[in-house]
Amino acid sequence: MADASAPGKIIFSGEHSVVYGEPALAIAINLRCHVKITKDGKGLLITSKNYIQKYYYSTAKLEDVLSGKTINSKLDNIAMAVLTVFKPNEISHKLEINSEIPIGAGLGSSAAVAVATVTAALKIKGQKYDNDTISDKAFICEKIAHGNPSGIDNLIATYGGIVRFQNGNMTKLELEYEIPIIIINTNIPKETKKMVELVKKNWKSNPEKFNDIFNKMGKLTSKIEKELLNNNLERVGNLMLENQKFLEKIGVGIPNIEKLISNLSKLNIYGYKITGAGGGGAMIVLMKNGDTKEAIKIVETLGYDVYETKITNLGVN
Ligand code: PMV
């Protein structure tokens with residue numbers, strides 16, 4: 001038996017524009033995906049408390065996944081994680097997934113499951129590995145899940161902490177304080193793949209306009225990074241609101257987000273924005289210190305899932 005876990009994440013700034021070469025900031029959060037792999041039977045049996053009860057990949061199905069066929073659109077990325085370590089006919093394993101990260105919310109659940117599965121498979125094989133190997137293998141799985149991902153999710157799930165990412169390169173940032181953010185899952189389903197395709201379609205219809213927006217979004221991300229490092233959260237909040245306007249302009253806003261936020265108007269909020277692909281899924285709210293608990297109570301009463309976020313430096317383990 002071998003096990004591994006990896007964290008979910010929020011994109012603090014730079015979603016979508018990162019796909020067009022601009023920088024993004026991602027933060028690993030204290031919600032994790034746990035994976036256990038055991039040698040058992042023939043083929044791959046996936047059990048998950050989150051996705052489905054059970055799904056079985058025969059050797060033939062695993063070969064199909066490897067050759068690019070879709071066998072189970074929700075799980076092929078996970079099968080691929082095992083296939084990055086073992087050949088189809090070597091696989092005789094059972095995989096148990098137990099994730100705290102909500103699915104389809106933009107909180108990096110697919111990358112975390114891929115990173116944890118690749119690592120558990122490498123461990124059970126007894127193969128030496130490092131973080132770059134894990135992240136590269138998980139990127140293959142992310143392409144199955146999301147089409148044309150930037151690669152930020154697999155990196156942050158592997159390394160943890162706070163990461164600035166641009167064109168495949170990452171730098172880790174160190175903050176001496178906890179950022180007071182809450183994450184609200186709007187419970188509106190969204191698919192990253194579809195949202196990335198939608199933005200691409202919009203971009204193709206007017207590349208000049210969209211390149212200009214992406215460029216401005218990139219500049220905002222750099223400013224946010226600087227102000228986060230200065231611990232100037234009021235400024236960070238204002239920049240988040242600017243960022244949110246751009247996200248709405250490129251077509252990935254979440255319906256009724258203002259209404260949701262208006263319920264928090266009696267509290268002190270520095271800023272808010274969607275996090276991840278948008279169109280639904282999660283948003284983040286940057287609170288003035290002290291109001292986080294109160295905000296959580298209000299949002300819970302409205303019937304949304306809400307998380308008080310702690311940054312985790314623990315990447316895959
Ligand atoms: O919603 P998520 O967690 O899948 O994040 C997607 C982030 C995008 O920038 C929209 C896509 C990407 O691959 O970077």
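Analyst: A residue is called buried under 20% relative accessible area, exposed over 50%, and partly exposed in between, with a 1.4 Å probe and protein chains only. N187, at 41% relative accessibility, therefore counts as partly exposed. The model is predicted, so local features need pLDDT of at least 70 and side-chain atom pairs count only at pLDDT 80 or more, while totals for chains, interfaces and linings use all residues. Residues are numbered from 1 along each chain as its sequence is written, and side-chain values use heavy atoms, with hydrogens and water left out.

N187 lies in the loop between β8 (181-185) and α6 (192-205), these being DSSP runs numbered from the N terminus (helices H or I, at least four residues; strands E, at least two). Leaving aside residues up to four places away in sequence, N187 touches G281, G303, Y304 and D305, where contact means heavy atoms within 4.5 Å.

As for the ligand, 18 residues surround it, the closest being K9, S150, K190, T192 and A277, counted when a heavy atom lies within 4 Å. An oxygen atom of the ligand is 2.7 Å from an N or O atom in the side chain of T192, whereas backbone N or O atoms lie 2.8 Å from a ligand oxygen at A277 and 3.1 Å at G106. Taken alone, the ligand exposes 380 Å², of which the protein buries 96%, by the Shrake-Rupley method with a 1.4 Å probe.

Note on methods
Polar contact = N/O pair within 3.5 Å; in protein donor to acceptor, adjacent residues only side chain to side chain.
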